[in-house]
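Dear colleague,

Please find below the structure that I am handing over to you. My findings follow directly after it.

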Amino acid sequence: KLSTRLTRIAEQIPAGSRLADIGSDHALLPVFAVRQGRVTQAVAGEVNQGPLDAAQRQVNEAGLSQVIEPRLGNGLAVLHPGEVDVITIAGMGGALIVTILSEGLDKLEGVSRLILQPNVGEEFVRRWLLEHGWFLSSEQILEEDGRTYEILTADRLADAAERNVQLYQERLLTGPEGLQVELHDFSLLQFGPYLLNEASTVFIDKWKQEIDKLEKVAASVGRSDTDEAKLKVAALQQQIKLVKEVLLCLQ
Ligand code: SAM
């Protein structure tokens, strides 16, 4: 059975799409999406031979070698311009996803939707989308096997810039005892504008865990007495304060 994470990603693919799944590993996502009837043609891109072989086996076993083509190569280099409508990149860090997108800008012409699932560094992905004229059309958060995943869906729209301005408008959160938190720029990029509005239990839990992690890092860095360590601890404490205040406002 396909993981909830990959199932949710597949649900974001519009019916009738031509898909490229980059970093496809076992090609589970394209096989599922084709079987669901969402995808008519797919490329499964892989930079490593081992996972590419696994993708090829999976596609052959599914009897889908006419429809899904595993290709060896780095990021979007496996694609011809105009070949696909939708690109999925899942299960890697946000910084790597951004590198793949930036290095393949010419391959994005004609692509109408990006579905991105960074394991960490979601803020880099949101920033990239914002800076490259993609409208962040939805965000999802889910928990599976003790890990939290975010899925970011972005569309190429003529009025992406205007819509993004609205989406990332400053917000003032209000909490108990007159607490007010102003969120803009980096804060919205890290929390995610939709996820913040929704304030689901999974989202709140993710950020509670993040506070624990940050506190551990701050305690460990704080054992050093250098100026650099002091600056780092101050920055961490500021971030911890922000996240705590946001959670107070949301609960
Ligand atoms: N996308 C699948 C998923 O979400 O379950 C597999 C994720 S797996 C953790 C990441 C895969 O991305 C690996 O198979 C790795 O070889 C591949 N990968 C890493 N960097 C890549 C790149 N620059 N281009 C294509 N594939 C890459």
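In this predicted model, α4 passes α5 in a right-handed crossing; a crossing is called right-handed if the near helix is turned clockwise from the far one by less than a right angle, and left-handed if anticlockwise. Helices (DSSP runs of H or I, at least four residues) and strands (runs of E, at least two) are numbered from the N terminus. The axes of α4 and α5 (residues 122-131) come within 7 Å and cross at roughly 25 degrees. Axes here are lines fitted to C-alpha atoms, for helices over the stretch in contact, and angles run from 0 to 180 degrees between N-to-C directions. The two helices α4 and α5 are therefore roughly parallel to each other; angles under 35 degrees count as roughly parallel, over 145 as roughly antiparallel, 65 to 115 as roughly perpendicular and the rest as oblique.

Gly 94, Ala 95, Ile 97, Val 98 and Leu 101 of α4 meet Glu 122, Phe 124, Val 125 and Trp 128 of α5, where contact requires C-beta atoms, placed from the backbone, within 7 Å. By class, this contact has 7 nonpolar, 1 polar and 1 charged residues. Ala, Val, Leu, Ile, Met, Phe, Trp, Tyr, Cys and Pro count as nonpolar, Asp, Glu, Lys and Arg as charged, and the others, Gly among them, as polar.

The contact of α9 with α10 has 14 nonpolar, 2 polar and 5 charged residues.

Turning to the ligand, 17 residues surround it, and the closest are Gly 23, Asp 25, Val 47, Ala 90 and Gly 91; a residue counts as near if its C-beta atom, placed from the backbone, lies within 6 Å. The strand β4 gives the largest share of this shell, 3 residues. By class, the shell has 8 nonpolar, 7 polar and 2 charged residues.

Among the strands, β6 (residues 135-144) and β7 run antiparallel and are joined by 9 bridges; strands pair if DSSP finds at least two bridges between them. The bridge partner of Glu 143 is Thr 148 in β7.

Residues are numbered from 1 along each chain as its sequence is written. As the model is predicted, local features need pLDDT of at least 70, side-chain atom pairs count only at pLDDT 80 or more, and totals for chains, interfaces and linings use all residues.

Yours sincerely

Note on methods: Two residues are in contact if their C-beta atoms, placed from the backbone, lie within 7 Å.
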